[in-house]
Amino acid sequence: MRKYKYILCSLGVLLILFSVWFFYLRTAREERLIKRGDALVKRIEVFRSEHNRLPNSLEEIEIEELDGRDVLYYDKRDSLYYTVSFGTSLGESKLYYSDTKKWEDKYREIKPLLR
């Protein structure tokens, strides 16, 4: 009986440690990628102000486009709007929308300004 209590307590402690580790690292990764994304947005906006248009790709602002876990993706939606995104978990993404200048958790259509 004592042996089972020891095993259950050990499993409980391991589960708690894993949960803290998992949620801390996930938050830290997301914060790090948002900071990198904000820096990318600044480069895109500098390009826009210098050339009066959006870059067609990241390579146009001298950033190599890669694939992988901690990669930022740029998507030019039209001549005025774009998104920057990264994957957070399986099938989920965090997206920066240039129409609102905010990071959001879900995909949506661009809301163009009414002129």
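Student: Which residue in β2 does Asp75 stand opposite?
Tutor: In β2, the residue opposite Asp75 is Thr83. Before we go on, a word on the model: it is predicted, with local features taken at pLDDT of at least 70, side-chain atom pairs counted only at pLDDT 80 or more, and totals for chains, interfaces and linings using all residues. Residues are numbered from 1 along each chain as its sequence is written, and side-chain values use heavy atoms, leaving out hydrogens and water.

Student: Why are β1 and β2 called a pair?
Tutor: Two strands pair if DSSP finds at least two bridges between them. As for the names, strands are DSSP runs of E with at least two residues, helices are runs of H or I with at least four, and both are numbered from the N terminus.

Student: What makes β3 and β4 a pair?
Tutor: Strand β3 (residues 92-97) and β4 share three bridges in the antiparallel sense, so they also qualify as paired. Across from Tyr97 you will find Lys102 in β4.

Student: Why do β1 and β4 count as edge strands?
Tutor: The four strands form an open sheet in the order β1-β2-β3-β4, with antiparallel pairing. β1 (73-76) and β4 (102-104) each have a single partner strand, so one side of each lacks a neighbour in the sheet. From one strand to the next, the twist averages 25°.

Student: What lies across that sheet?
Tutor: Helix α1 (residues 2-51) lies across β1, β2 (82-89), β3 and β4, at about 165° to β2. That angle is taken between N-to-C directions on a scale from 0 to 180 degrees, with axes fitted to C-alpha atoms, for helices over the stretch in contact. Contact here means heavy atoms within 4.5 Å.

Student: Why is the Tyr74 and Tyr82 pair called tilted?
Tutor: Rings of Phe, Tyr and Trp (its six-membered ring) pair if their centres lie within 6.5 Å; planes under 30 degrees apart are stacked, over 60 edge-to-face, and the rest tilted. By this rule there are four aromatic pairs. For Tyr74 and Tyr82, the centres are 5.8 Å apart and the planes stand at 50°, so the pair is tilted.

Student: Are Tyr74 and Tyr82 buried or exposed, and how do you know?
Tutor: Buried means under 20% relative accessible area, exposed over 50%, and partly exposed in between (1.4 Å probe, protein chains only). Tyr74, at 12%, is buried, and so is Tyr82, at 0%.

Student: What makes Pro112 exposed?
Tutor: Its relative accessible area is 52%, which is over the 50% limit. Pro112 sits in the segment after β4, and its C-alpha atom is 8.1 Å from that of Tyr81, 31 residues away along the chain.

Student: Why do Asp70 and Arg32 count as a salt bridge?
Tutor: A salt bridge needs a side-chain nitrogen of Lys or Arg within 4 Å of a carboxyl oxygen of Asp or Glu. Asp70 and Arg32 meet at 2.8 Å, N to O, so they pass. This pair links distant parts of the chain, with Asp70 in the loop between α1 and β1 and Arg32 in helix α1, 38 residues apart. Asp70, at 24%, is partly exposed, as is Arg32, at 39%. The structure holds nine salt bridges, including one between Asp75 and Arg77 at 3.1 Å.

Student: How do you know that the charge of Arg108 sits over the ring of Tyr97?
Tutor: The rule asks for NZ of Lys or CZ of Arg within 6 Å of the ring centre and within 35 degrees of the ring normal. The charged end of Arg108 is 4.0 Å from the centre of the Tyr97 ring and sits over it. Arg108 also forms a salt bridge with Glu104 at 2.9 Å, N to O. At 13%, Arg108 is buried, whereas Glu104, at 21%, is partly exposed. Elsewhere, salt bridges with shared partners join Arg29, Arg32 and Asp70 into one network.

Student: Why is Arg29 called buried?
Tutor: Its relative accessibility is 9%, under the 20% limit. Arg29 is in helix α1 and touches Arg69, Asp70, Gly87 and Thr88, leaving aside residues up to four places away in sequence.
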